[in-house]
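Subject: Structure for you to look at

Hello,

Please find the structure we spoke of below. My notes on it follow.

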Amino acid sequence: MAYVNAYRPPPPAKPTYGLHGPVPYDINVAFPLDFTQLETPRLKLTPFIPSIHAAKYHAEISDPVHFYRYYSFPGIEDPESYLLSLDAFVRRDPYNVLFAIIDRTTPDPDCPEWGGKLAGTIGLLDYSSTNLSVEIGVLCILPTFQRTHVATHAVGTLLKYCFTMPYASQSESGLGLRRVCWHTHPGNEPSLRLAARMGLEREGTLRWTWVLPVGKEFGKTPRKTDLLAGPGRGTAIMAMTWEDWEDGAREIITTQMARME
């Protein structure tokens, strides 16, 4: 039987807007977000809007190579490349969203309307209404706010929102998911410890899941005849399920967040 293969790679999408995204900024999210549920007395989550947050965010990262040492995406150490990646892989995917973390305990005299100071980012990725699942990722706590309450409150706030049923009460509502996962570099001990402290369980390691940029630290050497020059890495998988949430994880989150008050 005769056949042809007429595949041609599609041309790269060329956005008609600049680095800061469309105006007004469209977060383009296909799942419910109730920002009244995404805050505590010490912290709140709000959409990361490049024209508002990017300059402050990048100004706080004095050593981007070290800051992003466990990340696999090429070029994000450069602010322009970071914004291009944010638009391509987060904003244009309706099942991903990136939040700015605002620390309400630290005022920012330059931006009093924020109600606090920018402390980093966190996101929800690969949301699935079919499987009632999501990943917590893009957790980047700025150096000034590392080893403070910020990471605990940001992760705890999202976990609570993910597992709370929609309209659970007059004051609480969430996504009602069955599973929340956490993917990280197997050597990223701070990330692994944080996830474990917040009640997520280690499920295993997927081997050789990423080809890293050439020269990236903490990579594994591929075979000599490999098709690509970049080193590789695996992915540690941690997760929490609705059963975990109802069988004590909810109390772990409450305790951890209270401890960091």
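The contact between helices α4 and α6 comes first. On the α4 side it involves Thr152, His153, Gly156, Thr157, Leu159, Lys160 and Phe163, and these meet Trp242, Trp245, Ile253, Gln256 and Met257 of α6. Sorted by class, this contact has six nonpolar, five polar and one charged residues. Please keep in mind that the model is predicted.

Two packed helices are described by the angle between their axes and the distance between the axes. Helix α4 covers residues 150-163 and helix α6 covers residues 242-259; their axes are 10 Å apart and the packing angle is about 150°. Angles over 145 degrees count as roughly antiparallel, and α4 and α6 are therefore roughly antiparallel to each other. The crossing of α4 past α6 is left-handed.

From α1, the residues in contact are Pro50, Ala54, Tyr57 and His58; from α3, they are Pro79, Tyr82, Leu83 and Leu86. By class, the contact of α1 with α3 has seven nonpolar residues, one polar residue and no charged ones.

Next, a lysine. Is lysine 216 buried or exposed? Lysine 216 has a relative accessible area of 14%. The cut-off for buried is under 20%, so lysine 216 counts as buried. Lysine 216 is found in the loop that runs between β7 (201-211) and β8 (232-241). Which residues does lysine 216 contact, leaving aside its neighbours within four places in sequence? They are Tyr68, Arg69, Tyr71, Glu77 and Pro231. For two of these residues there is a distance to report. A polar atom of the lysine 216 side chain lies 2.9 Å from the backbone oxygen of tyrosine 68. The backbone oxygen of tyrosine 71 is 3.0 Å from a polar atom of the lysine 216 side chain.

Some notes on the backbone follow. Most residues other than glycine have a negative phi, and most peptide bonds are trans. Valine 23 and proline 24, however, are joined by a cis peptide bond, with omega about -5°. Proline 24 lies in the segment before β1 (39-40).

Leucine 132 is not a glycine, yet has a positive phi of about 50°. Leucine 132 sits in the loop between β4 (117-128) and β5 (133-141), and with 24% relative accessibility it counts as partly exposed. Valine 138 also has a positive phi, near 50°, and is likewise a residue other than glycine. Valine 138 is placed in strand β5. At 22% relative accessibility, valine 138 counts as partly exposed.

The last item is proline 11, in the segment before β1. Proline 11 counts as exposed, at 70% relative accessibility. How far apart are proline 11 and tyrosine 127 in sequence and in space? They are separated by 116 residues in sequence and by 27 Å in space, C-alpha to C-alpha.

Regards

Note on methods: Residues are numbered from 1 along each chain as its sequence is written. This is a predicted model: local features need pLDDT of at least 70, side-chain atom pairs count only at pLDDT 80 or more; totals for chains, interfaces and linings use all residues. Side-chain values use heavy atoms; hydrogens and water are left out. Contact means heavy atoms within 4.5 Å. Helices (H or I, at least four residues) and strands (E, at least two) are DSSP runs, numbered from the N terminus. Ala, Val, Leu, Ile, Met, Phe, Trp, Tyr, Cys and Pro count as nonpolar, Asp, Glu, Lys and Arg as charged, and the others, Gly among them, as polar. Buried means under 20% relative accessible area, exposed over 50%, partly exposed in between (1.4 Å probe, protein chains only). A polar contact is a pair of N or O atoms within 3.5 Å; within protein, one must be able to donate a hydrogen and the other to accept it, and residues adjacent in sequence count only if both atoms are side-chain atoms. Axes are lines fitted to C-alpha atoms, for helices over the stretch in contact, and angles run from 0 to 180 degrees between N-to-C directions. Angles under 35 degrees count as roughly parallel, over 145 as roughly antiparallel, 65 to 115 as roughly perpendicular and the rest as oblique. A crossing is left-handed if the near helix is turned anticlockwise from the far one by less than a right angle, and right-handed if clockwise.
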